[in-house]
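Hi,

Here is the structure I promised to pass on. Have a look at it first, and my notes follow below.

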Amino acid sequence: IMKTPTKRVYLCPPHMSGKEKEYIEEAFASNWIAPLGPQVDAFENEMANYIGCRTLAVSSGTAALHLALRLLGVGRGDIVFCSSLTFIGSVNPVLYLGAEPVFIDSEPKSWNMSPAALEKAFNWAKSAGRMPKAVIIVDLYGQSADYEPLLKICQEYEVPVVEDAAEALGASYNGKACGTMGRYGVFSFNGNKIITTSGGGMLAANDEEALKKALFWATQARDPAPWYQHSEMGYNYRMSNIAAAIGRGQLQVLDDRVNTHRVIFERYNEALGNIPGVGFMPEPGYSRSNRWLTVMTLDAEICEVEPMQIINALADENIESRPLWKPMHMQPLFAGCRYFTHGDGESIGDKLFASGLCLPSGSSMAEEEQQRVIELVKGKVLAG
(Lines give C-alpha, C1' and ligand atoms only; values in the text may rest on other atoms or scores of the structure.)
Protein backbone atom coordinates (compact mmCIF):
# COMPACT_ATOMS: atom_id res chain seq x y z
CA ILE A 1 0.00 0.00 0.00
CA MET A 2 1.38 3.38 -0.98
CA LYS A 3 1.75 5.86 1.83
CA THR A 4 -0.42 8.97 1.36
CA PRO A 5 1.94 11.95 1.21
CA THR A 6 1.19 14.49 3.92
CA LYS A 7 1.01 18.20 3.11
CA ARG A 8 4.51 19.63 2.83
CA VAL A 9 5.73 21.71 5.74
CA TYR A 10 8.16 24.34 4.43
CA LEU A 11 10.97 25.99 6.35
CA CYS A 12 9.57 29.53 6.07
CA PRO A 13 7.18 30.11 3.16
CA PRO A 14 5.70 33.50 2.20
CA HIS A 15 2.67 34.44 4.32
CA MET A 16 0.35 36.97 2.70
CA SER A 17 -1.86 39.25 4.79
CA GLY A 18 -4.48 39.86 2.07
CA LYS A 19 -3.72 43.59 2.12
CA GLU A 20 -1.10 43.19 -0.60
CA LYS A 21 -3.78 42.81 -3.29
CA GLU A 22 -5.21 46.28 -2.59
CA TYR A 23 -1.84 47.93 -3.25
CA ILE A 24 -1.13 45.73 -6.30
CA GLU A 25 -4.53 46.72 -7.72
CA GLU A 26 -3.66 50.37 -7.13
CA ALA A 27 -0.43 49.84 -9.08
CA PHE A 28 -2.31 48.20 -11.97
CA ALA A 29 -5.02 50.86 -11.98
CA SER A 30 -2.39 53.61 -12.25
CA ASN A 31 -0.37 51.58 -14.81
CA TRP A 32 2.75 51.94 -12.64
CA ILE A 33 4.14 48.47 -13.40
CA ALA A 34 7.79 49.38 -14.01
CA PRO A 35 10.50 50.09 -11.46
CA LEU A 36 9.90 53.31 -9.51
CA GLY A 37 6.43 54.64 -8.81
CA PRO A 38 4.15 55.70 -5.94
CA GLN A 39 4.18 52.26 -4.26
CA VAL A 40 7.99 52.34 -4.08
CA ASP A 41 7.93 55.85 -2.58
CA ALA A 42 5.27 54.83 -0.05
CA PHE A 43 7.09 51.61 0.89
CA GLU A 44 10.32 53.52 1.48
CA ASN A 45 8.52 56.06 3.68
CA GLU A 46 6.68 53.39 5.67
CA MET A 47 9.90 51.41 6.22
CA ALA A 48 11.72 54.59 7.23
CA ASN A 49 9.02 55.31 9.82
CA TYR A 50 9.20 51.74 11.11
CA ILE A 51 12.98 51.58 11.62
CA GLY A 52 13.60 55.30 12.25
CA CYS A 53 16.07 55.74 9.39
CA ARG A 54 16.00 56.82 5.70
CA THR A 55 15.68 54.03 3.14
CA LEU A 56 16.16 53.14 -0.53
CA ALA A 57 14.24 50.19 -2.04
CA VAL A 58 16.30 47.97 -4.35
CA SER A 59 16.10 44.60 -6.11
CA SER A 60 17.74 42.51 -3.36
CA GLY A 61 19.60 42.62 -0.06
CA THR A 62 22.76 41.73 -1.96
CA ALA A 63 22.26 44.77 -4.22
CA ALA A 64 21.82 46.98 -1.14
CA LEU A 65 25.06 45.65 0.34
CA HIS A 66 26.89 46.19 -2.97
CA LEU A 67 25.74 49.83 -3.03
CA ALA A 68 26.72 50.33 0.63
CA LEU A 69 30.26 49.05 0.02
CA ARG A 70 30.65 51.20 -3.09
CA LEU A 71 29.50 54.24 -1.10
CA LEU A 72 32.32 53.46 1.33
CA GLY A 73 34.83 53.43 -1.51
CA VAL A 74 35.61 49.72 -1.41
CA GLY A 75 37.62 48.78 -4.49
CA ARG A 76 40.24 46.52 -6.01
CA GLY A 77 42.92 45.41 -3.56
CA ASP A 78 41.01 46.54 -0.46
CA ILE A 79 40.09 44.22 2.39
CA VAL A 80 36.71 44.02 4.15
CA PHE A 81 36.12 42.26 7.47
CA CYS A 82 33.05 40.00 7.27
CA SER A 83 31.06 37.75 9.59
CA SER A 84 31.89 34.17 8.64
CA LEU A 85 28.74 32.41 9.86
CA THR A 86 26.28 33.77 7.30
CA PHE A 87 24.73 33.36 3.85
CA ILE A 88 27.04 34.07 0.89
CA GLY A 89 24.99 37.16 -0.10
CA SER A 90 26.70 38.89 2.86
CA VAL A 91 30.09 38.49 1.16
CA ASN A 92 29.69 38.28 -2.63
CA PRO A 93 29.48 42.09 -3.06
CA VAL A 94 33.01 42.32 -1.63
CA LEU A 95 34.12 40.24 -4.64
CA TYR A 96 32.00 42.31 -7.06
CA LEU A 97 34.18 45.29 -6.14
CA GLY A 98 37.46 43.41 -6.51
CA ALA A 99 38.14 43.46 -2.77
CA GLU A 100 39.15 40.60 -0.49
CA PRO A 101 37.10 39.34 2.46
CA VAL A 102 38.73 38.61 5.81
CA PHE A 103 36.50 36.41 7.95
CA ILE A 104 35.64 36.92 11.61
CA ASP A 105 34.34 34.14 13.87
CA SER A 106 31.17 34.19 15.97
CA GLU A 107 30.94 34.38 19.75
CA PRO A 108 28.81 31.88 21.73
CA LYS A 109 26.30 34.24 23.38
CA SER A 110 24.75 35.66 20.18
CA TRP A 111 26.33 33.48 17.43
CA ASN A 112 27.27 36.76 15.70
CA MET A 113 30.59 38.51 15.20
CA SER A 114 33.01 37.99 18.10
CA PRO A 115 34.54 41.20 19.51
CA ALA A 116 37.59 39.13 20.54
CA ALA A 117 38.07 37.80 16.99
CA LEU A 118 37.49 41.29 15.54
CA GLU A 119 40.18 42.72 17.82
CA LYS A 120 42.60 40.02 16.61
CA ALA A 121 41.81 40.88 12.99
CA PHE A 122 42.47 44.59 13.59
CA ASN A 123 45.77 43.80 15.33
CA TRP A 124 46.82 41.79 12.28
CA ALA A 125 45.63 44.55 9.89
CA LYS A 126 47.56 47.19 11.82
CA SER A 127 50.79 45.17 11.82
CA ALA A 128 50.34 44.34 8.12
CA GLY A 129 49.61 48.00 7.26
CA ARG A 130 46.32 46.96 5.58
CA MET A 131 43.33 48.46 7.35
CA PRO A 132 39.90 47.27 6.16
CA LYS A 133 37.71 49.68 4.23
CA ALA A 134 34.60 48.37 6.06
CA VAL A 135 33.32 45.81 8.54
CA ILE A 136 30.17 43.86 7.61
CA ILE A 137 28.38 42.63 10.74
CA VAL A 138 25.54 40.16 10.24
CA ASP A 139 22.45 39.75 12.46
CA LEU A 140 22.12 35.99 12.10
CA TYR A 141 18.68 34.34 11.90
CA GLY A 142 17.05 37.51 13.23
CA GLN A 143 19.30 37.89 16.29
CA SER A 144 21.32 41.10 16.60
CA ALA A 145 25.06 41.10 17.15
CA ASP A 146 26.42 42.73 20.33
CA TYR A 147 27.01 46.16 18.81
CA GLU A 148 28.36 48.10 21.79
CA PRO A 149 31.79 46.38 21.91
CA LEU A 150 31.91 45.84 18.12
CA LEU A 151 31.20 49.49 17.27
CA LYS A 152 33.67 50.64 19.94
CA ILE A 153 36.46 48.61 18.29
CA CYS A 154 35.54 49.86 14.79
CA GLN A 155 35.36 53.48 15.98
CA GLU A 156 38.76 53.13 17.62
CA TYR A 157 40.23 52.17 14.24
CA GLU A 158 37.95 54.63 12.35
CA VAL A 159 36.49 51.92 10.11
CA PRO A 160 32.81 52.18 9.09
CA VAL A 161 30.29 49.40 9.78
CA VAL A 162 27.66 47.98 7.42
CA GLU A 163 24.94 46.13 9.31
CA ASP A 164 23.62 43.17 7.35
CA ALA A 165 20.14 42.91 8.87
CA ALA A 166 18.82 40.89 5.90
CA GLU A 167 17.35 38.34 8.31
CA ALA A 168 16.59 40.72 11.18
CA LEU A 169 13.77 43.09 10.19
CA GLY A 170 11.60 43.61 13.28
CA ALA A 171 14.41 42.69 15.69
CA SER A 172 16.17 45.17 17.97
CA TYR A 173 19.33 45.87 19.97
CA ASN A 174 18.89 47.80 23.23
CA GLY A 175 15.51 48.98 21.91
CA LYS A 176 16.96 50.27 18.62
CA ALA A 177 15.81 48.71 15.32
CA CYS A 178 18.22 46.28 13.69
CA GLY A 179 19.56 47.74 10.45
CA THR A 180 20.23 51.15 12.01
CA MET A 181 23.39 50.41 14.03
CA GLY A 182 26.08 51.02 11.38
CA ARG A 183 26.82 53.68 8.76
CA TYR A 184 24.59 51.66 6.43
CA GLY A 185 22.00 48.94 7.02
CA VAL A 186 20.79 46.25 4.65
CA PHE A 187 17.48 44.34 4.55
CA SER A 188 16.19 41.49 2.39
CA PHE A 189 12.61 40.77 1.31
CA ASN A 190 13.39 37.44 -0.34
CA GLY A 191 10.58 34.87 -0.49
CA ASN A 192 11.58 33.12 2.74
CA LYS A 193 12.15 36.20 4.91
CA ILE A 194 9.89 37.34 7.75
CA ILE A 195 8.14 39.62 5.23
CA THR A 196 8.61 39.44 1.49
CA THR A 197 8.21 41.45 -1.71
CA SER A 198 8.84 38.17 -3.63
CA GLY A 199 12.34 39.48 -4.24
CA GLY A 200 13.78 42.78 -3.07
CA GLY A 201 15.88 44.59 -0.52
CA MET A 202 16.47 47.90 1.15
CA LEU A 203 19.43 50.11 1.95
CA ALA A 204 19.10 52.20 5.13
CA ALA A 205 21.14 55.25 6.14
CA ASN A 206 20.75 58.59 7.85
CA ASP A 207 22.84 60.17 5.09
CA GLU A 208 20.46 61.63 2.48
CA GLU A 209 23.25 62.50 0.04
CA ALA A 210 24.63 58.96 0.17
CA LEU A 211 21.19 57.50 -0.58
CA LYS A 212 20.80 59.91 -3.52
CA LYS A 213 24.12 58.66 -4.89
CA ALA A 214 23.05 55.03 -4.35
CA LEU A 215 19.77 55.76 -6.19
CA PHE A 216 21.76 57.25 -9.09
CA TRP A 217 23.90 54.07 -9.34
CA ALA A 218 20.85 51.82 -8.89
CA THR A 219 19.14 53.41 -11.91
CA GLN A 220 22.02 52.80 -14.37
CA ALA A 221 23.88 56.01 -13.36
CA ARG A 222 22.08 58.07 -15.97
CA ASP A 223 23.34 61.65 -16.12
CA PRO A 224 20.82 64.56 -16.19
CA ALA A 225 20.94 65.02 -19.96
CA PRO A 226 18.18 64.90 -22.64
CA TRP A 227 19.74 61.70 -24.04
CA TYR A 228 21.05 58.61 -22.29
CA GLN A 229 24.44 59.75 -21.07
CA HIS A 230 26.60 57.91 -18.53
CA SER A 231 29.75 59.14 -16.81
CA GLU A 232 29.84 56.44 -14.12
CA MET A 233 29.11 52.73 -13.97
CA GLY A 234 25.62 51.93 -12.71
CA TYR A 235 23.33 48.95 -12.08
CA ASN A 236 19.73 47.91 -12.72
CA TYR A 237 18.99 47.63 -8.99
CA ARG A 238 15.73 49.51 -8.44
CA MET A 239 12.71 47.78 -6.86
CA SER A 240 9.59 47.43 -9.00
CA ASN A 241 6.36 49.22 -8.11
CA ILE A 242 4.56 45.83 -7.95
CA ALA A 243 7.13 44.37 -5.54
CA ALA A 244 6.83 47.47 -3.35
CA ALA A 245 3.02 47.09 -3.35
CA ILE A 246 3.45 43.58 -1.91
CA GLY A 247 5.94 44.94 0.64
CA ARG A 248 3.49 47.59 1.88
CA GLY A 249 0.85 44.94 2.64
CA GLN A 250 3.48 42.79 4.35
CA LEU A 251 4.91 45.62 6.45
CA GLN A 252 1.51 46.25 8.02
CA VAL A 253 1.59 42.79 9.64
CA LEU A 254 5.31 42.66 10.47
CA ASP A 255 4.86 42.96 14.24
CA ASP A 256 2.24 40.17 14.17
CA ARG A 257 4.64 38.00 12.16
CA VAL A 258 7.48 38.60 14.63
CA ASN A 259 5.21 37.69 17.56
CA THR A 260 4.10 34.50 15.79
CA HIS A 261 7.70 33.47 15.05
CA ARG A 262 8.53 34.04 18.72
CA VAL A 263 5.57 31.88 19.82
CA ILE A 264 6.73 29.13 17.44
CA PHE A 265 10.21 29.29 18.98
CA GLU A 266 8.75 29.09 22.52
CA ARG A 267 6.78 25.95 21.59
CA TYR A 268 9.90 24.27 20.26
CA ASN A 269 11.93 25.36 23.27
CA GLU A 270 9.30 24.16 25.74
CA ALA A 271 8.86 20.78 24.05
CA LEU A 272 12.50 20.00 23.25
CA GLY A 273 14.71 22.31 25.33
CA ASN A 274 14.82 20.02 28.37
CA ILE A 275 16.12 17.00 26.43
CA PRO A 276 19.78 16.42 27.41
CA GLY A 277 22.12 17.71 24.71
CA VAL A 278 19.47 19.81 22.93
CA GLY A 279 19.98 23.58 22.82
CA PHE A 280 18.61 26.58 20.93
CA MET A 281 20.03 29.82 19.54
CA PRO A 282 20.39 32.18 22.52
CA GLU A 283 18.76 35.60 22.88
CA PRO A 284 20.96 37.85 25.05
CA GLY A 285 19.20 40.37 27.31
CA TYR A 286 20.30 43.34 25.19
CA SER A 287 18.26 42.12 22.23
CA ARG A 288 14.86 41.09 20.97
CA SER A 289 15.16 38.55 18.16
CA ASN A 290 12.53 38.25 15.45
CA ARG A 291 13.15 34.44 15.63
CA TRP A 292 13.00 34.32 11.82
CA LEU A 293 14.15 30.71 12.03
CA THR A 294 14.24 28.51 15.12
CA VAL A 295 17.71 27.00 15.25
CA MET A 296 18.38 23.92 17.38
CA THR A 297 21.76 22.47 18.37
CA LEU A 298 22.71 18.91 19.32
CA ASP A 299 25.67 18.35 21.65
CA ALA A 300 27.63 15.50 20.03
CA GLU A 301 28.97 14.38 23.42
CA ILE A 302 25.45 13.81 24.75
CA CYS A 303 23.22 13.14 21.74
CA GLU A 304 23.70 10.04 19.65
CA VAL A 305 22.02 11.62 16.65
CA GLU A 306 23.50 14.17 14.24
CA PRO A 307 21.71 17.14 12.63
CA MET A 308 21.72 15.58 9.13
CA GLN A 309 20.00 12.45 10.46
CA ILE A 310 17.15 14.60 11.79
CA ILE A 311 17.04 16.66 8.57
CA ASN A 312 16.78 13.43 6.53
CA ALA A 313 14.14 11.94 8.86
CA LEU A 314 12.03 15.10 8.51
CA ALA A 315 12.51 15.08 4.72
CA ASP A 316 11.12 11.51 4.66
CA GLU A 317 7.95 12.96 6.20
CA ASN A 318 7.73 15.82 3.66
CA ILE A 319 9.06 18.40 6.15
CA GLU A 320 11.72 20.91 5.13
CA SER A 321 14.58 21.68 7.52
CA ARG A 322 18.16 22.76 6.90
CA PRO A 323 21.68 22.76 8.31
CA LEU A 324 23.04 26.08 9.56
CA TRP A 325 24.76 28.31 7.02
CA LYS A 326 28.10 26.73 6.17
CA PRO A 327 30.62 29.35 7.39
CA MET A 328 32.25 31.40 4.65
CA HIS A 329 35.80 30.50 5.71
CA MET A 330 34.89 26.84 4.96
CA GLN A 331 33.60 27.59 1.43
CA PRO A 332 35.71 26.51 -1.58
CA LEU A 333 35.21 29.98 -3.10
CA PHE A 334 37.09 31.56 -0.19
CA ALA A 335 39.88 29.02 0.21
CA GLY A 336 42.98 30.94 1.22
CA CYS A 337 41.14 33.89 2.81
CA ARG A 338 42.18 34.85 6.33
CA TYR A 339 40.00 33.80 9.27
CA PHE A 340 40.21 34.99 12.87
CA THR A 341 38.72 32.74 15.55
CA HIS A 342 36.97 33.62 18.78
CA GLY A 343 39.35 31.58 20.95
CA ASP A 344 42.87 30.32 20.35
CA GLY A 345 42.41 27.51 17.86
CA GLU A 346 38.69 27.39 18.71
CA SER A 347 36.25 28.23 15.92
CA ILE A 348 32.71 28.82 17.23
CA GLY A 349 31.38 28.92 13.64
CA ASP A 350 32.71 25.43 12.89
CA LYS A 351 31.12 24.05 16.07
CA LEU A 352 27.75 25.64 15.36
CA PHE A 353 27.72 24.43 11.75
CA ALA A 354 28.48 20.88 12.92
CA SER A 355 25.83 20.85 15.65
CA GLY A 356 22.92 22.96 14.37
CA LEU A 357 19.80 22.68 12.24
CA CYS A 358 16.98 25.07 11.30
CA LEU A 359 13.45 23.87 12.05
CA PRO A 360 10.29 24.88 10.15
CA SER A 361 9.38 28.33 11.47
CA GLY A 362 6.89 29.90 9.03
CA SER A 363 4.25 32.13 10.56
CA SER A 364 1.54 30.33 8.54
CA MET A 365 2.45 26.92 10.02
CA ALA A 366 -0.48 25.36 11.89
CA GLU A 367 0.06 24.32 15.51
CA GLU A 368 -0.70 20.69 14.54
CA GLU A 369 2.03 20.85 11.88
CA GLN A 370 4.51 22.13 14.42
CA GLN A 371 3.44 19.38 16.82
CA ARG A 372 4.19 16.85 14.09
CA VAL A 373 7.70 18.29 13.69
CA ILE A 374 8.22 18.23 17.47
CA GLU A 375 7.16 14.58 17.80
CA LEU A 376 9.42 13.50 14.94
CA VAL A 377 12.43 15.42 16.29
CA LYS A 378 11.83 14.19 19.84
CA GLY A 379 11.48 10.59 18.69
CA LYS A 380 14.68 10.76 16.66
CA VAL A 381 16.73 12.46 19.37
CA LEU A 382 15.58 10.12 22.16
CA ALA A 383 15.98 7.01 20.00
CA GLY A 384 19.50 8.07 19.02
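Before the rest, some housekeeping. This is a predicted model, where local features need pLDDT of at least 70 and side-chain atom pairs count only at pLDDT 80 or more, while totals for chains, interfaces and linings use all residues. Residues are numbered from 1 along each chain as its sequence is written, and side-chain values use heavy atoms, with hydrogens and water left out.

Now the aromatics. The structure holds twelve aromatic pairs (rings of Phe, Tyr and Trp, the latter by its six-membered ring, with centres within 6.5 Å; planes under 30 degrees apart are stacked, over 60 edge-to-face, the rest tilted). One of them joins Phe 103 and Phe 334 edge-to-face, at 5.1 Å centre to centre and 70° between the planes. Phe 103 lies in strand β3 (residues 100–104) and Phe 334 in the loop between β13 (322–323) and β14 (339–340), so this pair ties together parts 231 residues apart in sequence (strands are DSSP runs of E, at least two residues, and helices runs of H or I, at least four, numbered from the N terminus). Phe 103 is buried at 0% relative accessibility, and Phe 334 is buried at 2%.

Back to Tyr 235: its ring is stacked with that of Tyr 237, 4.9 Å centre to centre and 15° between the planes. Tyr 237 is buried too, with a relative accessible area of 14%. Elsewhere, Phe 87, Tyr 141, Trp 292 and Trp 325 make up one aromatic cluster.

Tyr 141 also turns up in the largest nonpolar core, which has 39 residues; Tyr 141, Leu 169, Phe 187 and Phe 189 have the most contacts inside it (a core is a set of buried Ala, Val, Leu, Ile, Met, Phe, Trp, Tyr and Cys residues joined through side-chain atoms within 4.5 Å). The largest share of this core, four residues, comes from α2. Another core, of 36 residues, lies apart from it and includes Val 80, Leu 97, Ile 136 and Met 328.

Finally, two arginines over rings (CZ of Arg, or NZ of Lys, within 6 Å of the ring centre and within 35 degrees of the ring normal). The charged end of Arg 70 is over Trp 217, 4.0 Å from the ring centre; that of Arg 222 is over Tyr 228, at 3.8 Å.

Cheers

Definitions and conventions:
Buried means under 20% relative accessible area, exposed over 50%, partly exposed in between (1.4 Å probe, protein chains only).
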